[in-house]
Amino acid sequence: MEKRVAVLPGDGIGPEVMEAAVKVLEVVGRRFNHTFEFSYGSIGGDAIDRHRNPLPDETIALCESSDAVLLGAVGGPKWDNNPSELRPEKGLLAIRKHFDLFANLRPVKAVPSLLQASPLKEEVVREVDMIIVRELTGGLYFGEPSNHTNQSGVDTLIYTREEIERIVEKAFELARLRKGKLTSVDKANVLESSKLWRKIVDEKRKMFPDVEVEHQLVDSAAMKIITNPAAFDVIVTENMFGDILSDEASVITGSLGLLPSASVRSDRFGLYEPVHGSAPDVAGKGIANPAAAILSAAMMLRYSFGMEDEAAAVEKAVNTVFEDGCFTKDLASNQERALTTTEWTDKVVDEL
Ligand code: NAI
Ligand code: MG
């Protein structure tokens, strides 16, 4: 297959981890006979410096002519005092909105050789393999009216049938590709929008008889993510609940440098990026952990290109390198033996 990938390195360690991800994709291309064509664009602080715009038109055009987008990270102290329209994060919000990427996918999977890094007991995290599907473009964060005076503050939680249907369908399709279990998280005992959400999940389940469905209230889901996280497969939920639960779930495996994410819509186009930020404290030193970026590239192979074997090969290579005791500085127990970004990436490349 031939695929066009837009690469937006961004700021801080973004360019360093993107270089690693591209190197791994090139090897995947050679091994599996695909041609990946990479084109580079600017976003975030980098784009502000070059174009005085965190998401320039030429970056949008580049992404529009690509099959998927790989993004590093944006932000850093250099732009912290900029006015709000010249903030790096504006670029991220704008690209998600422009491409109507309404579903945010965050997998959380235990890495056998890193279980001791988890704040939870090893036996609780060992079998964890879940993915949180968060609605990203509706709900409380976008509802109108939204304002405050000195005496009162107002936010509005609205979900339309169409918004719920498309995210729920996405989650059912994912569950079908995985372990076949879907947990829909809501607050249907209190919120009207959750009652509609639950009704639509029950309608849709008729189209997916092979998927086991459960409804769970968000407070109880928050507890279960800590007490029995291995019980989950796919969790689908609205924007704010998903924001909170995905951060909660992300720390149970113990390392920010390992977590990939995807923002997708109903067709195959998607934006793939590590969960971590631009890590200005380690940027430019060649020591960033590229695992989350490489695993984000694996998600792109799976979800945008339908290349399941290729994605699994990358994930297996990453795990094998960890099992062999190879770590970057952020994870190494013996700092003297920590590998640089390039050395660690080359281990993955050798494995592939
Ligand atoms: P951060 O994720 O950049 O860093 C938190 C800590 O984890 C730092 O000590 C950092 O060195 C370490 N870390 C993170 N990823 C790492 C990696 N791959 N390898 C080694 N160490 C890693 O979050 P922080 O410090 O809160 O934010 C820094 C900047 O990044 C800010 O400007 C923030 O706005 C931006 N940011 C951007 C995001 C994005 O582009 N999606 C997400 C989160 C923050
Ligand atoms: Mg958050």
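Is Arg134 buried or exposed? Arg134 is buried, because 27 other C-beta atoms lie within 10 Å; a residue counts as buried if 20 or more other C-beta atoms lie within 10 Å of its own, as exposed if 12 or fewer, and as partly exposed in between, with C-beta atoms placed from the backbone.

The model is predicted: local features need pLDDT of at least 70, side-chain atom pairs count only at pLDDT 80 or more, and totals for chains, interfaces and linings use all residues. Residues are numbered from 1 along each chain as its sequence is written, while chains are lettered from A and ligands numbered from 1 in the order in which they are written.

## Annotated positions

In an unreviewed UniProt entry, the annotation "binding site" covers Arg96, Arg106, Arg134 and Asp219. These positions are spread over 124 residues of sequence and also in space, with up to 28.1 Å between C-alpha atoms. UniProt positions are given in the numbering used here, feature names are shortened, and annotations may be inferred rather than shown by experiment.

Arg134 is part of strand E5, residues 129–135; helices (H or I, at least four residues) and strands (E, at least two) are DSSP runs numbered from the N terminus. Leaving out residues up to four places away in sequence, Arg134 touches Asn104, Thr237, Asn239, Gly242, Asp243 and Ser246. Two residues are in contact if their C-beta atoms, placed from the backbone, lie within 7 Å.

Arg106 belongs to strand E4, residues 103–109. Arg106 counts as buried because it has 23 C-beta neighbours inside 10 Å. With residues up to four places away in sequence again not counted, Arg106 touches Ile131, Ile132, Ser246, Ser250, Leu259, Ser261 and Val275.

The shell around ligand 1 holds 22 residues, of which Gly75, His276, Gly277, Ala279 and Asn289 come nearest. A residue is near a molecule or strand if its C-beta atom, placed from the backbone, lies within 6 Å of it. By class, the shell divides into 11 nonpolar, 7 polar and 4 charged residues. Here Ala, Val, Leu, Ile, Met, Phe, Trp, Tyr, Cys and Pro count as nonpolar, Asp, Glu, Lys and Arg as charged, and the others, Gly among them, as polar.

## Helices H8 and H9

The axes of helix H8 (residues 218–227) and helix H9 (residues 239–250) come within 10 Å and cross at roughly 10 degrees. H8 is therefore roughly parallel to H9. Axes are lines fitted to C-alpha atoms, for helices over the stretch in contact, and angles run from 0 to 180 degrees between N-to-C directions. Angles under 35 degrees count as roughly parallel, over 145 as roughly antiparallel, 65 to 115 as roughly perpendicular and the rest as oblique.

On the H8 side, Val218, Ala221, Ala222 and Ile225 meet Phe241, Leu245, Glu248 and Ala249 of H9. This contact of H8 with H9 has 7 nonpolar, no polar and 1 charged residues.

## Backbone geometry

Most residues other than glycine have a negative phi, and most peptide bonds are trans. Against that background, Glu144 and Pro145 are joined by a cis peptide bond with omega of about 5 degrees. Pro145 lies in the loop between E5 and strand E6 (147–148).

Asn33 has a positive phi, near 65 degrees, and sits in the loop between helix H1 (14–32) and strand E2 (35–40). Asn33 is exposed because 8 other C-beta atoms lie within 10 Å. Arg52 also has a positive phi, near 50 degrees, and is found in the loop between helix H2 (44–51) and helix H3 (57–64). Arg52 is exposed, with 10 other C-beta atoms within 10 Å.

## Separations in sequence and space

The following table lists residue pairs.

| Pair | Apart in sequence | C-alpha to C-alpha |
|---|---|---|
| Pro112 and Thr253 | 141 residues | 9.9 Å |
| Val321 and Ile43 | 278 residues | 31 Å |
| Asp80 and Met307 | 227 residues | 39 Å |

Pro112 lies in the loop between E4 and helix H5 (122–125) and counts as exposed, with 10 C-beta neighbours inside 10 Å. Asp80, in the loop between strand E3 (68–73) and helix H4 (88–98), also counts as exposed, with 10 C-beta neighbours inside 10 Å. Val321 is in helix H11, residues 308–323, and counts as buried, with 23 C-beta neighbours inside 10 Å. Apart from neighbours within four places in sequence, Val321 is in contact with Cys326, Trp344, Lys347, Val348 and Glu351.
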